[in-house]
Amino acid sequence: MPLKLYIALIAGLLFFESHSRENIFVNPNTDKIEEDILYYVNLDRKAKGLRQLRLNKIESSIAEQHSRNMATGKVPFGHDGLQTRAKKIRKQLGGISMVGENVASGQMTAKEAVEGWLQSPGHKRNIEGDFTLTGIGWAKGKKGMIYFTQIFTK
């Protein structure tokens with residue numbers, strides 16, 4: 001069976017899989033997945049002549065929490081709560097004028113997640129948008145489903 005890739009569009013698809021909290025596996029290989037996503041996103045941006053995004057720890061923490069919440073079933077897969085996440089970022093960083101978010105879910109690598117986003121016009125627009133900072137987080141459930149979140153700000 002081919003790799004299943006579930007990508008949420010802001011207006012679109014919602015996917016939900018319930019996991020118990022004790023079966024969630026978060027950041028076992030500190031920063032490796034985040035670094036890989038940042039690498040592939042910035043590789044695409046560089047090819048388009050765009051500035052590289054800088055990883056922000058505050059945004060990454062918020063992105064990781066969203067991924068964990070999706071993995072545990074606390075929130076459905078998607079962008080629910082994005083405005084709340086944006087307010088938290090603004091409160092801690094101040095002066096944020098734009099916020100975007102990409103989420104993905106499946107048994108895939110960081111590269112496959114970014115490749116999936118680049119096939120979606122809305123997600124590609126975030127990757128190639130006029131953003132300067134990014135936060136990246138992920139969580140993995142018992143059945144191997146990985147939930148990725150990337151937040152973009154300017």
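Going by relative accessibility, does Arg85 count as buried or exposed?

Author: Arg85 counts as buried, because its relative accessibility is 9% and the cut-off for buried is under 20% relative accessible area, with exposed being over 50% and partly exposed in between (1.4 Å probe, protein chains only). Before we go on, this is a predicted model, where local features need pLDDT of at least 70, side-chain atom pairs count only at pLDDT 80 or more, and totals for chains, interfaces and linings use all residues. Residues are numbered from 1 along each chain as its sequence is written, and side-chain values use heavy atoms, with hydrogens and water left out.

Back to your residue. Arg85 sits in helix α3, residues 82-93; helices here are DSSP runs of H or I with at least four residues, strands are runs of E with at least two, and both are numbered from the N terminus. Leaving aside residues up to four places away in sequence, Arg85 touches Ile62, His66, Gly78, His79, Asp80, Glu101 and Ile151. A contact means heavy atoms within 4.5 Å.

Now let's zoom out. The chain has five helices and five strands, and from the N terminus on they come in the order β-α-β-α-α-β-α-α-β-β. Of its 154 residues, 48% count as buried. Take the contacts with a separation of 6 or more: 76% of them are between residues 24 or more positions apart.

Strands count as paired if DSSP finds at least two bridges between them. β4 runs parallel to β2, joined by two bridges, and Leu55 has Thr134 in β4 as its bridge partner. With β5, β4 pairs in the antiparallel sense over eight bridges; there, Ala139 is partnered with Tyr147 in β5. β4 and β5 make a hairpin with five residues between them, and Gly144 in the turn has a positive phi of about 90°.

Then there are the charged pairs. Side chains of opposite charge can pair when their charged atoms come close. A salt bridge here is a side-chain nitrogen of Lys or Arg within 4 Å of a carboxyl oxygen of Asp or Glu, and the whole structure has eight of them.

One of them stays inside a helix: Lys32 and Asp36, with closest N and O atoms 3.0 Å apart, are both in α1 (residues 32-47), four residues apart, or about one turn of the helix. Both count as partly exposed, Lys32 at 39% and Asp36 at 23%.

Another pairs Lys48 with Glu128, closest N and O atoms 3.7 Å apart. Lys48 is in the loop between α1 and β2 (54-55) and Glu128 in the loop between α5 (121-127) and β4 (133-140), so this pair ties together parts 80 residues apart in sequence. Lys48 is partly exposed at 43%, and Glu128 is too, at 21%.

Lys154 is partly exposed at 31%, as is Asp130 at 39%. Finally, salt bridges with shared partners join Asp44, Lys48, Lys124 and Glu128 into one network.
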